[in-house]
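Hello,

Here is the structure I promised to pass on. My notes follow below it.

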Amino acid sequence: MHSLSKDFKDELSTKANASLQRHYKNLDDEARNIEHDPPSAVMLAPFTAHLQSSNRIFVLIGAGLSASSGIPTYRSAGGFWRTFSDQQLEKKSAFEEDAIMVWQFYNYRRQQAKAALPNPAIMRLRNLRAGHPAGKMIDLHGSLFRVKCFDDTCGYGEENHDIPIIPQLSVTEPPGVLDSADSKSVQSGVSIEDLPHCPKCKVNLLRPATVWFGESLPEAKVHQVHEWLRSGNSDVSAGANDAIEDEKVDLMLVIGTSAVVWPAAGYIGRARKAGARVAFFNMEENSAGVARPEESDWIFLGDAAELVAKAFEGFLGGVND
Ligand SMILES: [Zn+2]
């Protein structure tokens, strides 16, 4: 028996990735081909009335809201970067193996995010927040525009909006290279020394301060969300139904996320306990566990950004620009 040559293995892996991409593309096409009627005025009226009378609203936003601003999720067809999905690149081991490639990926994502224009739904949600105290928006999964030391014990972190983050990464990558087999960073002419280093310990590389696969969500942020929901949750009080009226959660909006991953999934249950009615805006109906809709929920299926824009029409009036 011959052992497989490296080239042949590489070829196999490229083929496997290509086949995976085709699989996702089919799923995506299927999802896109399902025509969802836009919600009718009759459907929207009770939602708008409830929205109008709500004081405390919990909004859970996923990547689906940004999709129509042209920011892919890297989880499905057309969303692959080179031959990789987010699950292959957004993890510690990928950074340890090829930090240059992971930084190329994030450099590209940062460029995309910077260039994207907020869609009407995002603008309406911003209006919803207007006049509310700052700091109530919590990025559970971190930010593309924060970096931190690769070594958590060093603790260094900073905001960074430099595009490109280093001059050597300045090449804008057209989406057309997604199916390219040239997936190795070696060809880029970038060396490890060029990558951003931690100014505090001066030893480690800086990495994107986003939560990667296999990592926990930041405890303080999770706690903050729990506390906010708990304040409206009658279960923590002496008896049932004695939640302070002011702290009850009136409405939860689940936007552009399947919310099947914890702790996000758990928030739906907690919000319900705190009195919230739940409205889903997503491509497909949530079906798993606590994310499963109940009879009193509103379910709006289709492009999350279009749906939110439509559903908020009666609430805030038109967006001017
Ligand atoms: Zn450091």
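What arrangement do the four donor atoms around the zinc ion make? It is tetrahedral, because the angles they subtend run from 105 to 120 degrees. (Four donors count as tetrahedral if all angles lie between 85 and 135 degrees.)

Two points before the rest. This is a predicted model, in which local features need pLDDT of at least 70 and side-chain atom pairs pLDDT 80 or more, while totals for chains, interfaces and linings use all residues. Numbering starts from 1 along each chain as its sequence is written, and side-chain values use heavy atoms, with hydrogens and water left out.

Zinc site

The protein donors are Cys149 (SG), Cys154 (SG), Cys198 (SG) and Cys201 (SG), lying 2.3 Å from the zinc ion. Donors here are N, O and S atoms within 2.8 Å of the metal (3.2 Å for Na, K and Ca); water is not among the atoms, so sites may look incomplete. Along the sequence, the donor residues follow the spacing C-x4-C-x43-C-x2-C. Cys149 sits in strand E2, and Cys201 in the loop between strand E3 (157-159) and strand E4 (206-210). They are 52 residues apart, so that the pair links distant parts of the chain. Helices (H or I, at least four residues) and strands (E, at least two) are DSSP runs, numbered from the N terminus. Cys149 is buried, at 2% relative accessible area. Cys201 is partly exposed, at 24%. The cut-offs: buried is under 20% relative accessible area, exposed over 50%, partly exposed in between (1.4 Å probe, protein chains only).

Cores

The largest nonpolar core has 28 residues. Such a core is a set of buried Ala, Val, Leu, Ile, Met, Phe, Trp, Tyr and Cys residues joined through side-chain atoms within 4.5 Å. Trp81, Leu89, Phe95, Val102, Trp103, Tyr106 and Leu195 touch the most other members. Helix H4 (92-97), H5 and strand E2 (142-149) each supply at least two residues. H5 gives the most, with eight. A second, separate core has 21 residues, including Phe58, Leu140, Ala276 and Phe280.

Trp103 and Arg110

Leaving aside neighbours within four places in sequence, Trp103 is in contact (heavy atoms within 4.5 Å) with Phe95, Arg110, Val147, Ile165, Leu169, Leu195, Pro196, Leu206, Arg207 and Pro208. Arg110 lies in helix H5 (residues 99-115). Arg110 is buried yet has no salt bridge. A salt bridge would need a side-chain nitrogen of Lys or Arg within 4 Å of a carboxyl oxygen of Asp or Glu. The nearest side chain of opposite charge, Asp162, is 6.0 Å away.

Helix H8

Helix H8 (residues 264-273) is mostly covered, with seven of its ten residues buried. Among them are Tyr267, Ile268 and Arg272. The buried residues of H8 pack against strand E1 (57-61), helix H7 (219-230), strand E5 (251-255) and strand E6 (277-282). Gly275 follows H8 and has a positive phi, near 105 degrees.

Gly214 and the whole chain

Gly214 lies in the loop between E4 and H7. Gly214 is exposed, at 85% relative accessible area. The C-alpha atoms of Gly214 and Lys91 are separated by 7.0 Å, yet these residues are 123 apart along the chain.

Overall, the chain has ten helices and seven strands. Of its 321 residues, 40% are buried.

Best wishes

Key. Lys and Arg count as positive and Asp and Glu as negative; His and the chain ends are not counted. Four donors count as tetrahedral if all angles lie between 85 and 135 degrees; four count as square planar and six as octahedral if opposite donors are over 155 degrees apart and all others between 65 and 115; anything else is irregular.
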